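Grab a pencil and work through these exercises with the structure open beside you. Try each task before you read its solution.

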Amino acid sequence: MDAYPACDAALRGCDRRNTNCRTQGGTGLAPVADAASAQSRADVLCLAMAAALALTGLSWKSTSTRIPESEEPGGAQVDAPWCAEELSRNFAREVTWLWEAVRGVNGTVCACAVFVENEDGTLRRLLHAGRAYDTAAASNFDAPVACPSLVRLALDTSKGQYWANTVLFPDAPETLKGLGLPPKARGLLVQPSEKYAVVLTTDAVRGLSRVDQAWL
């Protein structure tokens, strides 16, 4: 017979309560506390997802293509593309297609000229479309042209040269005038191909994207 029957009964009662707690909850914590903890985690997760979506939207907006603002390029409009008489029909068709294609995909392009280098280092115009420097230049497209430094650099290095903002280049006014291009053009691109040079002007700053330059 046990000396302390009351103590033994109390211990057995405690063991039964602990067993029930482990069977029902596992942790011994009230179910209300577990639910509150899960809800808090869900709230934090929702806030994190909302912040990620907001940052993604801002990133897309900052990297989206901006449409350049066009300005009046000045000069005289050339009603139809001018081609040198020496050009074959196929070559004339090709250079005319070049102008139409460029103008079709980029509305900021306001003039296009194709030159070939003469033996004496001057340039001979093969095509002129869009706008010219003035009416006098438009009526004298077949005259030889002194090769500006920008075109010379492009031909010598076989690499395209691009002035995204002509205002920043002191030689731009003289270069545009010498090539018979619109005097207030905002952008100037020279793309060489052996002894040929394709020259484009735009009526907007940074009017030609990297894709446009790579395509040419």
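Let's settle one term before we start: buried means under 20% relative accessible area, exposed means over 50%, and partly exposed is in between (1.4 Å probe, protein chains only). You're looking at a predicted model, where local features need pLDDT of at least 70 and side-chain atom pairs count only at pLDDT 80 or more, while totals for chains, interfaces and linings use all residues. Residues are numbered from 1 along each chain as its sequence is written, and side-chain values use heavy atoms, with hydrogens and water left out.

**Exercise 1. Classify Tyr196 and its ring partner, then describe their pair.**

Step 1: Tyr196 has 28% relative accessibility, so it counts as partly exposed. Phe91, at 29%, is partly exposed too.

Step 2: Now the ring rule. Rings of Phe, Tyr and Trp (its six-membered ring) pair if their centres lie within 6.5 Å; planes under 30 degrees apart are stacked, over 60 edge-to-face, and the rest tilted. The structure has 3 aromatic pairs. In one of them, Phe91 and Tyr196 sit 6.1 Å apart centre to centre with 35° between the planes, which makes the pair tilted.

Step 3: Find the two rings in the fold. Helices (H or I, at least four residues) and strands (E, at least two) are DSSP runs, numbered from the N terminus. Phe91 is in helix α3 (residues 89-105) and Tyr196 in strand β6 (residues 196-202), so the pair ties together parts 105 residues apart in sequence.

Step 4: Compare with Trp163 and Phe169, a stacked pair at 4.6 Å centre to centre and 10° between the planes. Trp163 is buried at 9%, whereas Phe169 is partly exposed at 30%.

**Exercise 2. Check the span of α3 and list its buried residues.**

Step 1: The expected span of a helix is 1.5 Å times one less than its number of residues. For the 17 residues of α3 that gives 24 Å, and the end C-alpha atoms are 24 Å apart, so the two agree.

Step 2: The buried residues of α3 are Ala92, Val95, Thr96, Leu98, Trp99, Ala101 and Val102. Their cover includes β1 (76-83), β2, β3, β6 and α7 (210-215).

Step 3: Zoom in on Thr96, buried at 17%. Contact means heavy atoms within 4.5 Å. Leaving out residues up to four places away in sequence, Thr96 touches Pro81, Cys83 and Leu127.

**Exercise 3. How many disulfides does the structure hold?**

Step 1: The test is a pair of cysteine sulfur atoms within 2.5 Å.

Step 2: The count is 0 disulfides.
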